[in-house]
Amino acid sequence: MRVLLIGANGYIGRFVADRLLADPAVQLTVLGRGDDADVRFDLATGSPGALTRFLDAVHPGVVVNCAGTTRGGARDLTRHNTVAVATVCEALRRSGCGARLVQLGCSAEYGPSQANSSTAEDAVPRPGGPYGVSKLAATELVLGSGLDAVVLRVFSPAGPGTPAGSPLGRLAEAMRRAMQSGDGELKLGGLGVQRDFVDVRDVARAVHAASLSAAQGVINIGSGRAVRLRDAAAVLARVAGYGGTLQELDGPPGAHASHGGHLGHAGHIAHTPHLRSAIGHPRGESDPHAASVGFPYPDGCGSWQQADVRTARDRLGWRPRINLEESLADIWMEAACRI
């Protein structure tokens with residue numbers, strides 16, 4: 001099976017490439033903007049016609065699109081997350097290769113969810129920010145393209161390679177700095193949100209399974225369990241051997257605070273009523289308005305998200321294998337190497 005992978009240098013794309021290369025039945029070709037791609041092509045600026053000519057020459061059986069961006073303003077998000085997917089869909093429609101499309105979507109397409117609920121694929125998407133809007137528009141383009149296509153709506157990926165700017169990456173970096181300086185107290189805000197974390201290697205397995213399946217439409221990829229960020233912090237502290245106190249600072253409305261003592265041994269987090277540093281948004285030390293920080297988890301999904309993953313089990317034969325503690329241990333191993 002010849003697979004064309006787009007976005008192999010991204011956080012998820014790197015693990016997808018490794019997974020596909022491990023399958024001896026797969027012949028992998030990488031398309032991207034970097035010099036190390038087999039074919040250099042920028043989806044945001046390249047024409048569908050040029051991509052069609054390449055597809056006709058390579059004749060892949062599957063196209064996997066992991067490309068996209070989480071950063072930038074509405075214009076950049078639209079170019080890289082929506083226009084790029086429109087180019088892929090149009091090129092596949094024009095091509096004679098008949099390739100199947102596996103598109104990586106995002107749980108930010110759903111927007112805020114009701115607490116203690118699991119979000120299934122038939123939920124009405126209400127993205128809470130421009131990133132989610134740009135990804136939802138891409139999903140709608142794929143679903144309306146008439147192609148043999150599946151969209152994997154990935155919840156909160158974690159594990160090795162987690163970007164330093166992500167909430168878990170920011171948490172690990174803050175803990176690394178505290179341990180390096182011998183600081184016995186770490187003050188953070190925004191720990192009340194709950195997210196469904198899924199290991200990036202499990203995501204890669206899901207992409208591989210989707211490439212081989214006939215499933216179409218939208219399929220959630222998550223763990224099926226929401227975890228409060230403060231609980232993830234407690235696990236990370238245990239993994240790191242951090243015995244200090246994590247002072248939890250007041251977050252936005254809806255982020256419920258917990259009261260406790262020391263983190264690391266007892267696994268509790270102390271609480272204090274001032275917001276100084278939110279995990280999702282770095283604040284300058286000179287910022288006099290730290291207390292006015294918006295919602296500290298930057299995906300626009302409110303205080304709760306949890307995936308209903310029954311469709312992935314039933315249609316892909318996929319289940320997550322790697323637990324959050326292992327994911328956090330790998331995140332910490334990378335952060336600790338910077339000490």
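**Chat on loops, sheet and helix packing**

Trainee: Where is Asn116 placed?

Mentor: Asn116 is in the loop between S5 and H4. Keep in mind that this is a predicted model.

Trainee: Is Asn116 buried or exposed?

Mentor: Asn116 is exposed, because its relative accessibility is 67% and the cut-off for exposed is over 50%.

Trainee: And His59, which loop is that in?

Mentor: His59 sits in the loop between H2 and S4. His59 also has a positive phi, about 55°, without being a glycine. Its relative accessibility is 45%, so His59 counts as partly exposed.

Trainee: Let me step back. How many helices and strands does the protein chain have?

Mentor: The protein chain has nine helices and 13 strands. The chain has 339 residues, and buried ones make up 54% of them. Take contacts between residues at least 6 apart in sequence: 77% of them join residues at least 24 apart.

Trainee: What is the strand order in the open sheet?

Mentor: The open sheet has seven strands in the order S3-S2-S1-S4-S5-S6-S10, and the pairing is parallel. Strand S3 (39-40) and strand S10 (217-221) are the edge strands, each pairing on one side only.

Trainee: How many bridges are there between S6 and S10?

Mentor: Five bridges, in the parallel sense, with S6 covering residues 149-154. In this part of the sheet, Val154 stands opposite Ile221 in S10.

Trainee: Which strands does helix H3 lie across?

Mentor: Helix H3, residues 74-94, lies across strand S1 (2-6), strand S4 (62-65) and strand S5 (100-106). H3 runs at about 165° to S5.

Trainee: What about H4, which strands does that helix lie across?

Mentor: Helix H4, residues 130-143, lies across S5, S6 and S10, running at about 160° to S5.

Trainee: On to helix against helix. At what angle do H2 and H3 pack?

Mentor: Helix H2 (residues 48-58) packs against H3 at an angle of about 50°, and their axes are 8 Å apart. The two helices are therefore oblique to each other. H2 passes H3 in a right-handed crossing.

Trainee: Which residues make the contact between H2 and H3?

Mentor: From H2 come Pro48, Gly49, Leu51, Thr52 and Leu55. From H3 come Thr87, Val88, Glu90, Ala91, Leu92 and Arg94.

Trainee: How far apart are the axes of H5 and H9?

Mentor: The axes of helix H5 (residues 167-181) and helix H9 (residues 324-336) are 9 Å apart, and the helices pack at an angle of about 50°. That makes H5 oblique to H9.

Trainee: Left-handed or right-handed, that crossing of H5 and H9?

Mentor: The crossing of H5 and H9 is right-handed.

Trainee: Which residues meet between H5 and H9?

Mentor: H5 brings Leu168, Ala172, Met175, Arg176 and Met179, and they meet Leu328, Ile331, Trp332 and Ala335 in H9.

Trainee: New topic, S9. How many residues of S9 are buried?

Mentor: Six of the six residues of strand S9 (residues 194-199) are buried, so the strand is largely enclosed by the rest of the structure.

Trainee: Which residues are on each side of S9?

Mentor: Gln194, Asp196 and Val198 are on one side, with Arg195, Phe197 and Asp199 on the other. Both faces are covered.

Trainee: Which strand pairs with S9 in the parallel sense?

Mentor: Strand S7 (residues 156-158), over three bridges. There, Ser156 stands opposite Phe197 in S9. S9 is also joined to strand S11 (residues 226-228) by three bridges, and that pair runs antiparallel.

Trainee: What is the bridge partner of Arg195 in S11?

Mentor: Val227 is the partner of Arg195.

Trainee: Is Cys66 buried or exposed?

Mentor: Cys66 counts as buried, because its relative accessibility is 14% and the cut-off for buried is under 20%. Cys337 is exposed, with a relative accessible area of 65%.

Conventions
Residues numbered from 1 in each chain as written. Predicted model: local features only at pLDDT ≥ 70, side-chain atom pairs only at ≥ 80, totals over all residues. Heavy atoms only, no water. Buried < 20%, exposed > 50% of the residue type's maximum accessible area, 1.4 Å probe, protein only. Pairing = 2+ DSSP bridges. Helix = DSSP H or I, 4+ residues; strand = E, 2+ residues; numbered from the N terminus. Contact = heavy atoms within 4.5 Å. Axes fitted to C-alpha atoms, helices over the stretch in contact; angles between N-to-C directions. Parallel < 35°, antiparallel > 145°, perpendicular 65-115°, else oblique. Left-handed = near helix turned anticlockwise from the far one by under 90°.
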